[in-house]
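Please look at the sequence and the structure below.

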Amino acid sequence: MPTIPAHAIGGVITGWGTALPSKIVTNDDLSKTMETSDEWIRERTGIHRRHIGGSTAELSVESGRIAMAMAGVSPDQIDALVLSTTTPDRQVPATSATVQNLLGLKCGAFDINAACSGFVYGLVVAHGLIAMGSKKVLLIGTDTLSRITDWTDRNTAILFADGSGAAVIEATTGPTQLLGWDLDADGSAEELLYAEIGGNIHMDGKEVFRRAVRIMVDSAQKSMQIAGVTAKDIALIVPHQANTRIISAACDRLGIPMERTSTVLHETGNTSSASIPLALFDAADGGPMSGRTLHEGDLVLVVGFGAGMTAASAVLRWNGKGLRA
Ligand code: COA
């Protein structure tokens, strides 16, 4: 388990933004085209509605622009763009190249794909770039899962949706925001959740559910141990927004009550790379969807899981617009 070297240059989130397509698909809408019901979907997943539409580049540009405006940084000041996505617009080039151009950035840009754990992977990568001398990194998590969902398959169509969340992370002269992190993957489980190139998502929902709880808890405990904190110190947990029952089971095992959990999936469905930033920045914005509010100094635990099967977590000290380098 890597610990963060005491002398490493740290990072702080100085701006954030989110984007959701305007088209809303409710559970009732789905029940018109497949054998399901609003009641079943709410009870088994916690999802009420989801947003569908747009390309990965379009949503990324929208959230990225908002994050840069909030941070007060111009496109030419960004040193690197990291785009987490499992639904790139093209096979080649990486969608980050398209986004880099549309945002007018003058820096390196690359995609990372760690499925629904991707934003947390990106968070760690961004802090690594800062430790190596980058001053300002734009991290975006975007997925347009609706494009790889079989809309006749009630096993998956009820879950997946589109969205984006972005953060400007800047080098800081003050204490770093990232206190502990953990990245994990188990490729032996890849058949549980996959899409062939050009194909749709296939999923063994029951087995994914079972493993998700275990790997989220494992990863979260590692990050907390590295950060030197325990569950009682965590003011807010921001889990991957896949299923309320998964979140509730994981929080239960971690000893973190649901009142300290940010969930937005009732409004968003599972948006993969966008899921954690949507729930995190909702709380940072005072909780219009989650009803949770982040306060200066709060300890936040972000924890994701996804295809691969990946898991990733991090403990952050929320210092909002902390000191820039
Ligand atoms: N609407 C109505 N009924 C449905 C249904 C739907 N959309 N999907 C399944 N059912 C039925 C089943 O046929 C079954 O009926 P039966 O009891 O008569 O056989 C019953 O509901 C229970 O099905 P089951 O598959 O056991 O449901 P579940 O409680 O496991 O819930 C998931 C299914 C997919 C919601 C759940 O397994 C899950 O969320 N898994 C994790 C998926 C995930 O998070 N993936 C993304 C990872 S990043």
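L102 touches V61 and R65, not counting residues up to four places away in sequence; contact means heavy atoms within 4.5 Å. The model is predicted, so local features need pLDDT of at least 70 and side-chain atom pairs count only at pLDDT 80 or more, while totals for chains, interfaces and linings use all residues. Residues are numbered from 1 along each chain as its sequence is written, and side-chain values use heavy atoms, with hydrogens and water left out.

- L102 is placed in helix α4; helices (H or I, at least four residues) and strands (E, at least two) are DSSP runs, numbered from the N terminus.
- With a relative accessible area of 45%, L102 is partly exposed. Buried means under 20% relative accessible area, exposed means over 50%, and partly exposed lies in between (1.4 Å probe, protein chains only).
- L102 and V61 are 41 residues apart along the chain, and their C-alpha atoms are separated by 6.9 Å.

**Packing of α3 and α4**

- Two packed helices are described by the angle between their axes and the distance between the axes.
- Helix α3 covers residues 56-71 and packs against α4 at an angle of about 50°, with the axes 9 Å apart. This makes α3 oblique to α4.
- Axes here are lines fitted to C-alpha atoms, for helices over the stretch in contact, and angles run from 0 to 180 degrees between N-to-C directions.
- Angles under 35 degrees count as roughly parallel, over 145 as roughly antiparallel, 65 to 115 as roughly perpendicular, and the rest as oblique.
- The crossing of α3 with α4 is right-handed. A crossing is right-handed if the near helix is turned clockwise from the far one by less than a right angle, and left-handed if anticlockwise.
- On the α3 side the contact is made by T56, A57, S60, V61, R65 and M68, and on the α4 side by T95, T98, V99, L102 and L103. By class, the contact of α3 with α4 has six nonpolar, four polar and one charged residues.
- In this classification Ala, Val, Leu, Ile, Met, Phe, Trp, Tyr, Cys and Pro count as nonpolar, Asp, Glu, Lys and Arg as charged, and the others, Gly among them, as polar.
- T95, also in helix α4, is buried at a relative accessible area of 2%. Not counting residues up to four places away in sequence, T95 touches T56, A57, L83, P88, D89, R90 and D111.

**Packing of α6 and α7**

- Helix α6 (residues 205-227) and helix α7 (residues 244-254) have axes that come within 9 Å and cross at roughly 40°. That makes α6 oblique to α7.
- α6 and α7 form a right-handed crossing.
- From α6, the residues F209, A212, V213, M216, V217, A220, Q221 and M224 meet R245, I246, A249, A250, R253 and L254 of α7. The residues of this contact of α6 with α7 divide into 11 nonpolar, one polar and two charged.

**Backbone geometry in loops**

- V92 and P93 are joined by a cis peptide bond, with omega about 0°. P93 lies in the loop between β4 (80-84) and α4 (95-103).
- A115 has a phi near 50°, a positive value in a residue other than glycine. A115 sits in the loop between β5 (108-112) and α5 (118-131) and is buried at 7% relative accessibility.
- S272 is not a glycine, yet has a positive phi of about 55°. S272 is in the loop between α8 (265-268) and α9 (275-284) and is buried, with a relative accessible area of 1%.

**Two glycines in loops**

- G54 is in the loop between β3 (49-51) and α3 and counts as partly exposed at 41% relative accessibility.
- G54 and D143 are 89 residues apart in sequence and 9.8 Å apart in space, C-alpha to C-alpha.
- G286 is in the loop between α9 and β12 (299-306) and is partly exposed, with a relative accessible area of 38%.
- Leaving aside neighbours within four places in sequence, G286 is in contact with R292 and T293.

**Cysteines**

- How many disulfides are there? The count comes to zero, where a disulfide is a pair of cysteine sulfur atoms within 2.5 Å.
- For the sulfur of C116, the closest cysteine sulfur is that of C251, 17 Å away, which is too far for a bond.
- C116 is buried at 11% relative accessibility, and C107 is buried with a relative accessible area of 13%.
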